[in-house]
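Here is a brief report on one structure. Keep the sequence and the 3D view side by side as you read.

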Amino acid sequence: MTQEPTSNKVIDIYTDGACKGNPGPGGWGALLRFGTQEKELFGGEAATTNNRMELMAVISALEALKRPCHAIIHTDSQYVQKGISEWIHGWKRKNWMTAAKTPVKNADLWKRLDGLVAQHEIEWRWVKGHAGHPENERADALANRGVTSLADS
């Protein structure tokens, strides 16, 4: 039996991160949509940064996938979108150092994301945050639930 090509399984993923103070308590949220099926994910950390939460939203969404997929990731984070599409190649060549010869911030998460991206066919789409994009607004609400869930635990 042959494996189905990944292009038959297109999933839209909308992600966002939030931080109350930067650093401070933070949350991440992701909305995964495959046809008419949807899954909401969120989580948080007590002491983190907005950029780490933006990365965790994408990482957590990709970790939730059960098999290789063609994923379209919609993010309002240029840090994530440019980091994974452009900057990461130089970081890897320079052993996770920046052009200024300083260690890449959040290298632990970039490495984790890099490994996940290699398992899927991914298109990156930047969306303007807080501009009324319905799915981005839902991802933002999930990220904020991630922050408030910290108080509940």
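## Contacts of S77

Setting aside neighbours within four places in sequence, S77 is in contact with E54 and W126. This comes from a predicted model. S77 sits in the loop between β4 (70-75) and α2 (78-93).

Is S77 buried or exposed? Its relative accessible area is 6%. The cut-off for buried is under 20%, so S77 counts as buried.

β1 and β2 run antiparallel, joined by 8 bridges. Y14 stands opposite L31 in β2. The two strands, β1 and β2, form a hairpin, with 4 residues between them. In that turn, G21 has a positive phi of about 95 degrees.

β2 also pairs with β3. These two strands run antiparallel too, and 10 bridges join them. G27 stands opposite G44 in β3. The hairpin of β2 and β3 has 2 residues between the strands. G35 lies in its turn, with a positive phi of about 65 degrees.

How many residues of β2 are buried? The count is 8 of 11, so β2 is largely enclosed by the rest of the structure.

## Helix α4

Helix α4 covers residues 134-152, 19 residues in total. From its first C-alpha to its last, α4 reaches 27 Å. That is close to the 27 Å expected at 1.5 Å a residue.

Which residues of α4 are buried? They are E135, N136, A139, D140, L142, A143, G146 and V147. The cover over these buried residues includes β1, β2 and β3.

## The largest pocket

The largest pocket has a volume of about 340 Å³. Its lining consists of 14 residues. Nearest the centre of the pocket lie I11, F34, Q37, L65 and R67.

By type, the lining of the largest pocket divides into 7 nonpolar, 1 polar and 6 charged residues.

Technical notes. Residues are numbered from 1 along each chain as its sequence is written. This is a predicted model: local features need pLDDT of at least 70, side-chain atom pairs count only at pLDDT 80 or more; totals for chains, interfaces and linings use all residues. Side-chain values use heavy atoms; hydrogens and water are left out. On a 1 Å grid over the protein atoms alone, a cavity is a set of points where a 1.4 Å probe fits but cannot get out, and a pocket is an open set with protein on both sides within 12 Å along at least five of seven lines; lining residues have an atom within 4 Å of a point. Grid points are joined across faces, edges and corners, and a volume is the space filled by probe spheres set on the points. Ala, Val, Leu, Ile, Met, Phe, Trp, Tyr, Cys and Pro count as nonpolar, Asp, Glu, Lys and Arg as charged, and the others, Gly among them, as polar. Buried means under 20% relative accessible area, exposed over 50%, partly exposed in between (1.4 Å probe, protein chains only). Two strands pair if DSSP finds at least two bridges between them. The expected span of a helix is 1.5 Å times one less than its number of residues. Contact means heavy atoms within 4.5 Å.
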